[in-house]
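User: Hi! I'm new to this one and would like a quick tour. Could you walk me through it?
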Amino acid sequence: MNWKNFVCSVVCLAGMTCAEAVNYTPENVSASIALKVPGNDAKRYPLTLQQLDNSNFEYQWVAADKLPVVIYQNVEEKDGNQRIVIFMTALDDVYFNLNSATL
């Protein structure tokens, strides 16, 4: 086996091992929302994930300021996979752009 094949094999094996180790947890997720009311510029708000008291898999995204939207998140596990469902309710007429990323 030549050196190039060996290095490619090690990189692929390491990538597969790391991919199996990645799992959704609230600690490794960040999010922000940009809100725009007609006639004003959009403003971005960082969001933090707070676990709801009644469940291990239900969360609410909250900001430091009061927002005209309410955002909930539910993590469902089925057949060894995780499905993330986000529920958003607007309290006023507003345009939004929700961004979320896993760290």
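User: Which residue forms a salt bridge with Arg83?
Analyst: Glu76 does, and the closest N and O atoms are 4.0 Å apart. A salt bridge here is a side-chain nitrogen of Lys or Arg within 4 Å of a carboxyl oxygen of Asp or Glu. Keep in mind that this is a predicted model: local features need pLDDT of at least 70, side-chain atom pairs count only at pLDDT 80 or more, and totals for chains, interfaces and linings use all residues. Residues are numbered from 1 along each chain as its sequence is written, and side-chain values use heavy atoms, with hydrogens and water left out.
User: How many salt bridges does the structure hold?
Analyst: The structure holds one.
User: And is Arg83 buried or exposed?
Analyst: Arg83 counts as exposed, at 55% relative accessibility. Glu76 is partly exposed, with a relative accessible area of 31%. Buried means under 20% relative accessible area, exposed over 50%, and partly exposed in between (1.4 Å probe, protein chains only).
User: How do strand 4 and strand 5 pair?
Analyst: Strand 4 (residues 69-78) and strand 5 (residues 81-90) run antiparallel to each other, over ten bridges. Two strands pair if DSSP finds at least two bridges between them. They form a hairpin with two residues between them, and Asp79 in the turn has a positive phi of about 55 degrees.
User: What stands opposite Tyr72?
Analyst: That's Phe87, in strand 5.
User: Zooming out, how many helices and strands does the protein have?
Analyst: There are one helix and six strands, in the order α-β-β-β-β-β-β from the N terminus on. Helices (H or I, at least four residues) and strands (E, at least two) are DSSP runs, numbered from the N terminus.
User: What share of the residues is buried?
Analyst: Buried residues make up 22% of the 103 residues in the protein.
User: Let's pick Ser32. Where does it lie?
Analyst: Ser32 is part of strand 1 (residues 29-36). Ser32 is also buried, with a relative accessible area of 14%.
User: What does Ser32 touch?
Analyst: Leaving out residues up to four places away in sequence, Ser32 touches Arg44, Tyr45, Pro46, Leu47, Asn97, Leu98 and Asn99. Contact means heavy atoms within 4.5 Å.
User: Which side chain does Ser32 join in a polar contact?
Analyst: The side chain of Arg44, at 3.0 Å. A polar contact is a pair of N or O atoms within 3.5 Å; within protein, one must be able to donate a hydrogen and the other to accept it, and residues adjacent in sequence count only if both atoms are side-chain atoms.
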